[in-house]
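Good morning, colleagues. I would like to take a few minutes to go through one structure with you, and I ask that you keep the view open while I speak.

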Amino acid sequence: MQRHIETAKALSMVYPLDEETVPEAMYKAARYAYAIGNYQLGVELLEWIKIHHPKVEIAPAAIVLLGFLYENELNNLTKAQDSYEFFLKKYPKHPMRQQVEASIEHLGMSPDELIEMFRARENEN
């Protein structure tokens with residue numbers, strides 16, 4: 001995994017304008033970084049996609065994962081919200097829009113708070 005991460009970073013430096021291979025490699029590397037618990041590295045790789053290639057096919061998934069990492073692993077709710085709002089602005093008709101809107105609505109809520117909110121909604125119906 002570490003080798004893939006290093007390769008992706010090297011590709012991004014050598015071929016920064018490549019819109020096919022490099023963003024995909026960076027996304028996979030970010031997922032590997034997440035899998036090994038290196039969340040900050042994952043964020044850096046995903047931010048690179050967001051900044052340099054927001055129009056590539058993998059970008060929406062990368063930005064959702066970026067928001068998830070900020071929210072759930074780094075506990076940076078401001079950056080998570082910024083990522084989610086960037087997604088909504090950049091990809092207003094994307095199929096993951098409702099999921100991202102729900103993430104914003106539930107941002108910072110504990111599991112207990114979520115359960116309480118869902119129960120309250122259920123009781124309203």
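Let me begin with a question: with which residue does Arg 97 form a salt bridge? Before I answer, please note that this is a predicted model, in which local features need pLDDT of at least 70 and side-chain atom pairs count only at pLDDT 80 or more, while totals for chains, interfaces and linings use all residues. Residues are numbered from 1 along each chain as its sequence is written, and side-chain values use heavy atoms, with hydrogens and water left out.

The partner of Arg 97 is Glu 101, and the closest N and O atoms are 3.0 Å apart. By salt bridge I mean a side-chain nitrogen of Lys or Arg within 4 Å of a carboxyl oxygen of Asp or Glu. The two residues are four apart in helix H6, residues 97-105, and so are separated by about one helical turn. Helices here are DSSP runs of H or I with at least four residues, numbered from the N terminus. Arg 97 is partly exposed at 28% relative accessibility, and Glu 101 is partly exposed at 34%. For these classes, buried means under 20% relative accessible area, exposed means over 50%, and partly exposed lies in between, with a 1.4 Å probe and protein chains only.

The count of salt bridges comes to two. In the other, the side chains of Glu 105 and Arg 121 meet at 2.0 Å, N to O. This pair links distant parts of the chain, with Glu 105 in helix H6 and Arg 121 in helix H7, residues 111-124, 16 residues apart. Glu 105 is partly exposed with a relative accessible area of 42%, and Arg 121 is partly exposed with 34%.

I turn now to the aromatic residues. Rings of Phe, Tyr and Trp (its six-membered ring) pair if their centres lie within 6.5 Å; planes under 30 degrees apart count as stacked, over 60 as edge-to-face, and the rest as tilted. This rule gives three aromatic pairs. Why is the pair of Tyr 34 and Phe 68 called edge-to-face? The ring centres of Tyr 34 and Phe 68 are 6.1 Å apart and the planes lie at 85°, so the pair is edge-to-face. Tyr 34 is partly exposed at 30% relative accessibility, and Phe 68 is partly exposed with a relative accessible area of 32%.

For Phe 87 and Tyr 91, the ring centres are 5.3 Å apart and the planes are at 55°, so this pair is tilted. Phe 87 is buried at 0% relative accessibility, and Tyr 91 is buried at 11%.

Finally, consider Val 64, which lies in helix H4. Val 64 is buried, with a relative accessible area of 11%. Leaving aside residues up to four places away in sequence, Val 64 touches Tyr 84, Phe 87, Met 96, Gln 99 and Val 100, where contact means heavy atoms within 4.5 Å. Thank you for your attention.
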